[in-house]
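Student: I have just opened a new model. Could you walk me through it?

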Amino acid sequence: MFSLWWKERWVRGLVFALSPIGLVDALFTFLLFQAHGPEFEYNPIVKLALTSDWWFVWIIVDIVSFVFFAMIAGSYYVHTRRSIFGNQVGWLSLLVSVRVGAVVYNIFSFYLDPYPIFWATLGTIITYFMVNKLLSRESDISVAGFKRYWRAKYDRIHDRLITRGLKREEKEEEDVEESVPEIEPITSSKLVMLKRAGYLSMVIMVFVSTPFVLIAVGNLTGGLAWNDLFGDSFYWNTVASQSFIAGFVTIIILISLMMYFMLKAFTTSEGAW
């Protein structure tokens, strides 16, 4: 339960990436408790621990417990991913995503963001799909496999371009022999190209709308009104912090959307993927 995750390199990386979540959660929970008092904490056990002289014990337990949970999740995945009963990792992904959502909520609440529930929900949903996608794999992630994946994709596109050129020449010869022209039906290759064009259009739309989205985020968080509120000098406060975090998260989401549509543009047909 606590050692099987170490056998696969990429699973080790996943466990190491999840482990600091417990530290961030404990840190911001303690900061919120110090800033707002016991009334801010809804968990009676945590409230009792933080009001006692042994509050540091709870911080250590919170950090270590999530590290153990990340180890157990990685070991469970390695043990069951090729099971005949299937790799049931949805509940693990849900637990991880809920914990990440709680951390996001604490961070935004500490910086006095007006919509911490929204960002916590968004973080929970994104984390769930990412972790569930990783833990549903039946093959290991490696550098060689990553390179082979993109090499196969390049070969697939190259072969399709060559084959498409040959089909066009054959079609032209057939049209010359026919006396009555017929309406050419939409072939599967043309349908694939239409889908690709649609996904690439979505990439362009997201890219073009990025400045407008960032302006809206700036207006929502108050970052664009900095000069009116605080003058030309810049210093770190709640307005600056929430504007930075909101802008950073928004950029990550927009880049993820562009990458997603870009990948979908070249996965609209079966083949070497």
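Student: How many helices and strands does the chain have?
Tutor: The chain contains 10 helices and zero strands; these are DSSP runs numbered from the N terminus, helices being H or I with at least four residues and strands E with at least two. This is a predicted model, in which local features need pLDDT of at least 70, side-chain atom pairs count only at pLDDT 80 or more, and totals for chains, interfaces and linings use all residues. Residues are numbered from 1 along each chain as its sequence is written, and side-chain values use heavy atoms, leaving out hydrogens and water.

Student: What share of the residues is buried?
Tutor: Of the 273 residues in the chain, 33% are buried, meaning under 20% relative accessible area, with exposed over 50% and partly exposed in between (1.4 Å probe, protein chains only).

Student: Which residues of helix 1 are buried?
Tutor: In helix 1 (residues 9-18), they are Trp10, Val11, Arg12, Leu14, Val15 and Leu18.

Student: And what covers them?
Tutor: The cover includes helix 2 (20-36), helix 4, helix 5 (90-110) and helix 6 (116-135).

Student: Changing topic, where does valine 57 lie?
Tutor: Valine 57 is in helix 4 (residues 55-80). It is partly exposed, with a relative accessible area of 34%.

Student: What about contacts between residues at least 6 apart in sequence?
Tutor: Among those contacts in the chain, 72% join residues at least 24 apart; a contact means heavy atoms within 4.5 Å.
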